[in-house]
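Morning, everyone. Please bring up the model, and we'll walk through its pockets.

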Amino acid sequence: MESESLSERDARVLFHPFTVFNPLHRNLVAERGEKEFLITADGRKIIDAVSSWWLNLHGHNHSYINQKIKQQIDTLEHVIFAGFTHAPAVHLAERLLGLGGEDYAKVFLSDNGSTSVEVALKMAIQASVIRGEGRKDVIAFKNAYHGDTLGAMSVSERDLFVKPFREHLFPVDYIDVPDNQNRESVFEQFEMLCKTKPAAFIFEPLVQGAGGMRMYAAEDLDKLIEIAQKHGVLCIADEVMTGFGRTGSLLASHQLTHSPDFICLSKGLTGGYLPLGATLISGEVAVCFETGDPEKAFYHGHSFTGNPISCTAALASLDLLESDSTRVQLEHINQIFSHWKESFSTLPFVSDARCKGGIFAFDFNTHSEGYFYTDPIKQKLYEYFLSKDILIRPMGNVVYVMPPYCISDDSLQKIEKAILDILF
Ligand SMILES: Cc1ncc(COP(=O)(O)O)c(C=O)c1O
């Protein structure tokens with residue numbers, strides 16, 4: 001009864017993200033989390049096969065992260081991050097720079113994935129102003145998604161999500177994601193664009209997430225970064241989704257030979273516990289802002305910048321992420337997904353089964369010509385999986401699995417069986 005009334009009240013007072021209004025719809029009430037499971041108020045134990053929007057790395061309600069957060073709450077909950085600092089922020093910045101590698105010198109903390117992208121875009125443009133180069137344009141991939149703030153929307157695909165705002169977005173040059181068919185022409189077009197002296201090139205390395213879990217080769221991205229850097233174009237790796245092991249390495253950028261000038265992080269940064277964004281900045285860019293000239297300062301910040309509880313959650317998550325057991329578990333998940341890729345490819349409703357690291361995806365064949373995201377199969381598949389106590393939230397006809405790394409073989413088998421049993 002109680003859960004019913006909560007979902008009724010929810011429907012009256014709340015908007016939910018990326019949700020088409022339906023007066024009859026009632027949201028599930030999550031009461032508790034435990035490992036890969038969400039436990040609802042009516043006692044259902046649902047496998048969170050999408051890590052609650054790609055956030056959760058180590059499972060829900062993890063005792064180690066809980067304990068670290070509780071300690072931090074009893075010490076310092078928040079402090080203005082201008083004029084003050086604190087141990088969790090400094091430790092976190094040092095560890096993130098260690099993760100990024102020697103090319104990175106500074107970290108700018110913010111609130112979420114979109115803000116980590118805004119920081120990189122604004123810094124790239126301002127660095128060019130400071131250097132007196134006057135570069136302003138940005139190059140992005142078609143089919144990209146970088147967030148919901150205006151700058152992040154500007155560099156994302158101009159699709160349904162941004163339609164009402166198109167006239168308010170800044171102009172961007174789009175290139176195709178390279179593949180076996182278009183590789184040489186993409187490189188050629190990209191080089192021509194780079195010669196026009198844009199400020200930045202932004203990309204989701206190796207996997208375009210919200211664009212439908214589209215995967216592409218590290219070698220091709222490396223080539224693009226090489227061309228961009230040859231022409232002085234700053235490269236922004238948006239690792240908001242790909243960071244922290246999702247593509248098999250701790251950062252997707254670790255699979256590249258050329259270092260991007262910025263790395264944007266969020267989502268798994270805190271193990272999926274608390275909001276936090278971080279932008280890693282190369283030494284060459286950082287020095288532009290280190291002059292002491294008020295005209296060259298970076299006037300950007302958020303009230304919760306550097307929140308100590310979020311930073312503490314991130315440090316705890318990194319402890320777990322860097323442990324041998326997480327590495328072994330990630331490799332194990334990847335082996336299972338590689339097997340799924342082979343075995344599901346023969347199913348009549350599956351095209352383009354693919355996997356990278358801890359991400360598995362396929363396109364559900366609907367033979368529809370329209371925009372993939374609005375394919376009505378999305379809702380049918382969502383309800384089908386939920387009926388089996390599995391949370392899989394297809395993006396249109398794209399079905400994907402991106403579980404917390406602690407997921408058990410039992411749960412993976414349950415997901416496998418549910419996919420094999422799809423019958424409409
Ligand atoms: C690659 C990428 N960048 C940025 C974002 C935006 O992150 P947030 O929703 O935390 O603002 C997302 C969110 O899905 C993302 O996948």
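By class, 18 nonpolar, ten polar and six charged residues line the second largest pocket. Here Ala, Val, Leu, Ile, Met, Phe, Trp, Tyr, Cys and Pro count as nonpolar, Asp, Glu, Lys and Arg as charged, and the others, Gly among them, as polar. This is a predicted model: local features need pLDDT of at least 70, side-chain atom pairs count only at pLDDT 80 or more, and totals for chains, interfaces and linings use all residues. Residues are numbered from 1 along each chain as its sequence is written, and side-chain values use heavy atoms, with hydrogens and water left out.

A pocket is an open set of points on a 1 Å grid over the protein atoms alone, where a 1.4 Å probe fits, with protein on both sides within 12 Å along at least five of seven lines; lining residues have an atom within 4 Å of a point.

Back to the second largest pocket. It has 34 lining residues, and F18, W53, Y145, V240 and K267 lie nearest its centre. Where does it lie? Domain 1 (2–62 + 324–420) and domain 2 (76–321) both give residues to its lining, so it lies between them. Those bounds come from an automatic or database domain assignment.

Now the largest pocket. Its lining has 42 residues, with H16, T19, H25, N27 and R393 nearest the centre. The classes here are 25 nonpolar, ten polar and seven charged. Each of domain 1 and domain 2 supplies at least three lining residues. Which helix gives the most? That is α12, with five residues. Helices are DSSP runs (H or I, at least four residues), numbered from the N terminus.

Definitions and conventions:
Helices (H or I, at least four residues) and strands (E, at least two) are DSSP runs, numbered from the N terminus.
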